[in-house]
Amino acid sequence: MTAPAAPRLKITEIFRSLQGEGDTVGFPTVFVRLTGCPLRCQYCDTAYAFGGGQWMGLDDILDSVRAQRTRHVCVTGGEPLAQANCLPLLQRLCDAGFRVSLETSGALPVDQVDSRVSRVVDVKTPGSGEVHRNLLDQLALLGATDQVKFVICSRADYEWSRDLVRHRNLAEGTMVLFSPSHGQVAARDLAEWILADGLPVRMQVQLHKILWGDEPGR
């Protein structure tokens with residue numbers, strides 16, 4: 001009998017940089033960027049990950065991550081959960097002692113993700129063009145170690161996001177992040193809106209873009 005093929009994933013890149021967002025912003029982090037995404041958000045800055053890439057086994061991915069000698073690991077995309085073997089990769093990374101986060105679109109279920117992983121769910125606003133893809137009921141599964149992110153493209157996006165945060169009491173159980181879409185909303189304007197409404201969210205700007213712009217692998 002032929003042995004089953006070892007699990008593998010299509011990988012766009014594995015690189016070390018500073019985390020630009022979320023609760024570990026500024027920490028050296030290894031990014032494992034998986035290839036492919038079923039969404040087409042109008043502000044996407046990683047469209048180069050939609051296709052191409054190379055197949056790698058989980059052992060090879062772990063070896064590449066270990067070689068970076070960095071505690072924090074972020075599995076991202078594309079949309080990493082679009083590949084079924086993302087789940088065992090997350091488990092293997094946790095088992096190896098890394099502090100692991102997962103950046104996901106909010107359009108795929110997160111209930112099977114290893115509980116040790118910090119799930120960063122990017123809720124799609126109307127301005128993204130993909131608001132209809134949100135699985136909002138999945139937000140109730142998130143806890144204190146998870147994060148909910150909103151990329152704000154306009155004042156209307158802000159109001160939609162503000163109302164969703166309030167209606168679902170999102171900030172009661174998890175960290176909520178508001179980020180201005182680059183070139184569409186001024187960071188100062190978003191800050192003023194948050195303060196005016198007394199919204200219990202954390203505003204963030206993308207540190208990696210300040211440092212390196214849209215350079216891939218940074």
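## Salt bridges

The structure holds 14 salt bridges, a salt bridge being a side-chain nitrogen of Lys or Arg within 4 Å of a carboxyl oxygen of Asp or Glu. The model is predicted, so local features need pLDDT of at least 70 and side-chain atom pairs count only at pLDDT 80 or more, while totals for chains, interfaces and linings use all residues. Residues are numbered from 1 along each chain as its sequence is written, and side-chain values use heavy atoms, with hydrogens and water left out.

In one of these pairs, D59 meets R92, with the closest N and O atoms 2.6 Å apart. This pair links distant parts of the chain, as D59 lies in helix α1 (residues 58–66) and R92 in helix α2 (residues 86–95), 33 residues apart. Helices (H or I, at least four residues) and strands (E, at least two) are DSSP runs, numbered from the N terminus. D59 is partly exposed at 47% relative accessible area, and R92 is likewise partly exposed at 32%. Buried denotes under 20% relative accessible area, exposed over 50%, and partly exposed the range in between (1.4 Å probe, protein chains only).

## Two partners of R162

R162 forms a salt bridge with D163, at 3.1 Å from N to O, and another with D197, where the closest N and O atoms are 3.2 Å apart. The pair R162 and D197 connects distant parts of the chain: R162 belongs to helix α3 (residues 155–167) and D197 to helix α5 (residues 187–197), 35 residues apart. R162 counts as buried because its relative accessibility is 13%. D163, at 40%, counts as partly exposed, and D197 is also partly exposed, at 25%. Elsewhere, salt bridges that share partners join D95, D114 and R116 into one network.

Nine strands form an open sheet of mixed pairing, in the order β3-β1-β2-β4-β5-β6-β7-β8-β9. Two strands are taken to pair if DSSP finds at least two bridges between them. Strands β3 (54–57) and β9 (202–203) stand at the edges; each has a single partner strand, so one side of each lacks a neighbour in the sheet.

Strand β1 (residues 8–18) runs antiparallel to β3 and is joined to β3 by four bridges. The bridge partner of I11 in β3 is Q54. Helix α1 packs on the sheet and touches β1, β2 (28–34), β3 and β4 (72–76), its direction making about 90 degrees with that of β3. Such angles run from 0 to 180 degrees between N-to-C directions, with axes being lines fitted to C-alpha atoms, for helices over the stretch in contact.

## Q19 in its loop

Is Q19 buried or exposed? At 5% relative accessibility, Q19 counts as buried, and its place is in the loop between β1 and β2. Leaving aside neighbours within four places in sequence, Q19 is in contact (heavy atoms within 4.5 Å) with residues including T24, F31, C74, E103 and L207. The C-alpha atoms of Q19 and R8, eleven residues apart along the chain, are separated by 25 Å.

I210 is found in helix α6 (residues 207–212) and is exposed, with a relative accessible area of 59%.
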